[in-house]
Amino acid sequence: MEFDWKVIIDYFPDLLAGVKVTLSITILSLLIGLVFGLALALARISGWKIISWPAYVYIEFFRTTPPLVQIVWFYFVVPVIIGMELSAFQAASIALGLNIAAFLGEIFRAGIQGIDKTQIDATRVLGLGSIDSYRYVILPQAFRIVLPPTTTTIMLLMKGTSLATAIGTLELMRVGQLISLETFRPFEILTAVALIYFLITYPVAYGMRRLERKMQIGEI
Amino acid sequence: MIENHQDVYLELKNVWKSFGNLKVLKGVNLKVGKGQVVVIIGPSGSGKSTLLRCVCLLEKIQEGSIEVEKIPIAYGDQDSIGKPDKEALNRMRQEIGMVFQSFNLFPHLTVLENITLAPKRVKKIEEKIALDLANSLLDRVGLSDKSEEYPSRLSGGQQQRAAIARALAMKPKIMLFDEVTSALDPELVGEVLRVMRQLAKEGMTMLVVTHEMGFAKEVADRAIFMDDGQIVEEDLPETLFSKPKETRTRSFLHQLLEREQNLNE
């Protein structure tokens, strides 16, 4: 069998359009995940049962059900509940965002709790309020701790966007499938798709590692 | 042993503190006059550190009261003198500086940033003034050339001096020192004690938990021996160390002396 480059070149614009959707879902769900994940972490360590318990239930629910099920559920069930249509793109972004929020929430919680209690003592004897201690002492240190596991989560998310294929979102994987069916050249097209996933995911790993190293200056 | 003409700065009245069922402080009474240096010695687990942590409001007491210039800053659950308002408490907290055994500098901030953080955020002091203050404090503790370094690049003695400067930046009226030389290599102890000696000379009120007998004899107005959550004996340092009245004090000093001799051998 011959590797036909031409089919990749011919359909390259379509693949690029798929990449755009893949990146959009990633960014949107990452934003949801970061903000909501931090809120979940703070709720979990607040010590107030009224908010820590729901956060716990949420986290375990989203960690124990498959993301594919969550995506499909958001596309078919949630619109019925809220009485509003969600596009495949919206459903995928929200479902994945809420999903990684659960994982990031646990990562952030561990990061914050991993900070030596003596640091908190130091902020208290200096008279810093809890908002200032979080902002200037606890979170900046937690940030360094959570960077590596957060990187892994982001990479899993980028590849996880391919699950949105199931509800017909025209992201990279779905586009690849459609072109394969149309051209009968799955070998070339899916190889190209895999390569493209590598090309968009690896820079994240590389960039985050650089950031990690940069942040390490002055660390213990 | 506060002279009549001297103002009491800090007073602990019948302070009780327990962690669960473990009673750590059992009715401690203590007065520290303005400008006095009081040294606390005692075996580990005797409640010395807990006492300091109660004074700087890191721990809540169960009974009794702690007063700064006659104003209660902490009191037990049963006392019903009414809560001091939050602002007054915060102001009080700023008057009490604390230095820890493990330095507790913020590792992600430079020495300078460590010192200016609280003045800027808590006292809302302007950046430039905070920097001037920090630089003059660094000069005082002999770390002018280390202002841009991160704590991890400093020796233990330098870190502890930076921590002292950080506490001083809030312009406290009393400084609490919790075994601040215990985590240091022996050759680094001197530089930290020198800074503390200087502070005492400048009239700072100090409550110092330490095993540095030489320092205590030279600098302290009063020495206290604590054991089992109580103040067993207090006297002039010279007298307490050389002619202790209580057997418990005697046997502790004996052990301390033996340990030092072993170290010197």
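Helices here are DSSP runs of H or I with at least four residues, and strands are E runs of at least two, both numbered from the N terminus. This is a predicted model, where local features need pLDDT of at least 70, side-chain atom pairs count only at pLDDT 80 or more, and totals for chains, interfaces and linings use all residues. Residues are numbered from 1 along each chain as its sequence is written, chains are lettered from A in the order in which they are written, and side-chain values use heavy atoms, leaving out hydrogens and water.

**What counts as a cavity**
- On a 1 Å grid over the protein atoms alone, a cavity is a set of points where a 1.4 Å probe fits but cannot get out, and its lining residues have an atom within 4 Å of a point.
- Points are joined across faces, edges and corners, and the volume is the space filled by probe spheres set on them.
- That gives four cavities of 30 Å³ or more.

**The largest cavity**
- Its volume is about 70 Å³.
- Both chains join in: A:Val125 and A:Leu126 are in the lining, along with B residues including B:Arg93, B:Met98 and B:Met170.
- The lining splits into seven nonpolar, two polar and two charged residues.

**The second largest cavity**
- This one comes to about 50 Å³.
- Among its lining residues are B:Leu137, B:Arg140, B:Gln198 and B:Glu202.
- H6(B) supplies the largest share of the lining, three residues.
- By class, there are five nonpolar, one polar and two charged residues; Ala, Val, Leu, Ile, Met, Phe, Trp, Tyr, Cys and Pro count as nonpolar, Asp, Glu, Lys and Arg as charged, and the others, Gly among them, as polar.

Notes: 1 Å grid on protein atoms, 1.4 Å probe; cavity = no way out; pocket = protein on both sides within 12 Å on 5 of 7 lines; lining within 4 Å.
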